Every structure is written in structure tokens, then in C-alpha cells.
Amino acid sequence: MYASAGHCPPLLLRTSGAVIALKEGGTPLGIIAGRNYIDTEAQLEAGDRLVLYTDGLTEAMDANDQEFGEARLVELGTQNIALSAAELVAAIRKEVSAFSEEVSG
């Protein structure tokens, strides 16, 4: 059971290749005082991955001012779904760092 109250919806990556953005809930927490959020259910199956991230990841820029983007994150996650959670986090960090290396370096 979950209620999304953030800017970026969590991504549920299924071993089948399906990707579900868990958008149900409401506006980011704290924007509207007293806001109620809707509880929703999503069944997690063995091998599924739940990716929680901030816009700092998807908005990371390369030297050409291109954003890393949600599509790259989804592709990276689905291609590496067999990795453990820790290994997937490391792979995402490595890919985003490499993508934005010229900007920060």
C-alpha cells in the first residue's frame, strides 16, 4: 500500500519488462496544507524493483545541456533488473555520473 506525495513518481520495474509509474496520491507533500492522499495498492513480485528517485537524478545535465531523463532511468533499470538493489543503485549512480561528468569535471 502506498500514497505518492512527491515530485517524481516511484517506478515499479517488473521482471516482465513492464514499467509502472506509481503516480496515485496527490501533490508533493507540504504544498497544500491539510491535503489528503489516496492509498493505493501495488503487488510486488519476486524480482521486481522499486526505484525511488528525485528530480536531481533525472535532471542531471550533460555537456550539451541534455537531461538524463526518466526514459534513460527506465531503460537502465529494465536492462539491469537482475541486479540486487544495492547493485542497481551503484549502476544508476555510475551511469548518471558518467553522463554528467564533463559538466562537473
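The following exercises, with worked solutions, concern a predicted model of a protein.

**Exercise 1.** Determine how many helices and strands the protein has, and in what order the elements run from the N terminus.

*Solution.* Step one is the count: the secondary structure consists of three helices and three strands. Step two is the order, which reads β-β-β-α-α-α from the N terminus on.

**Exercise 2.** Identify the residues with the most contacts inside the largest nonpolar core, and the element that gives the most to this core.

*Solution.* The largest nonpolar core contains 16 residues. Those with the most contacts inside it are Leu11, Val51, Tyr53, Leu57, Phe68, Leu73 and Ile92. At least two residues of this core come from each of β1 (11-13), α2 (69-79) and α3 (85-104). The element that gives the most is α3, with four residues.

**Exercise 3.** State which residues Tyr53 touches, leaving out residues up to four places away in sequence.

*Solution.* With those neighbours in sequence not counted, Tyr53 touches Cys8, Pro9, Leu11, Thr58, Glu70 and Leu73. Two of these partners, Leu11 and Leu73, are also listed among the residues with the most contacts inside the largest nonpolar core.

**Exercise 4.** Classify Leu50 as buried, partly exposed or exposed, and name the surface patch residues with which Leu50 is grouped.

*Solution.* Leu50 is found in strand β3 (residues 49-51). Its relative accessible area is 42%. Buried means under 20% and exposed means over 50%; Leu50 is therefore partly exposed. Together with Leu44 and Leu52, Leu50 forms a nonpolar patch on the surface, and the three have about 310 Å² of accessible area together.

How values were computed: Residues numbered from 1 in each chain as written. Predicted model: local features only at pLDDT ≥ 70, side-chain atom pairs only at ≥ 80, totals over all residues. Heavy atoms only, no water. Core = buried A, V, L, I, M, F, W, Y, C linked by side-chain atoms within 4.5 Å. Buried < 20%, exposed > 50% of the residue type's maximum accessible area, 1.4 Å probe, protein only. Contact = heavy atoms within 4.5 Å. Patch = residues over 30% accessible without salt bridge, like charges linked within 9 Å, V, L, I, M, F, W, Y side chains within 5 Å. Areas by Shrake-Rupley, 256 points an atom, 1.4 Å probe, with all protein chains shown as cover. Salt bridge = Lys/Arg side-chain N within 4 Å of Asp/Glu carboxyl O.
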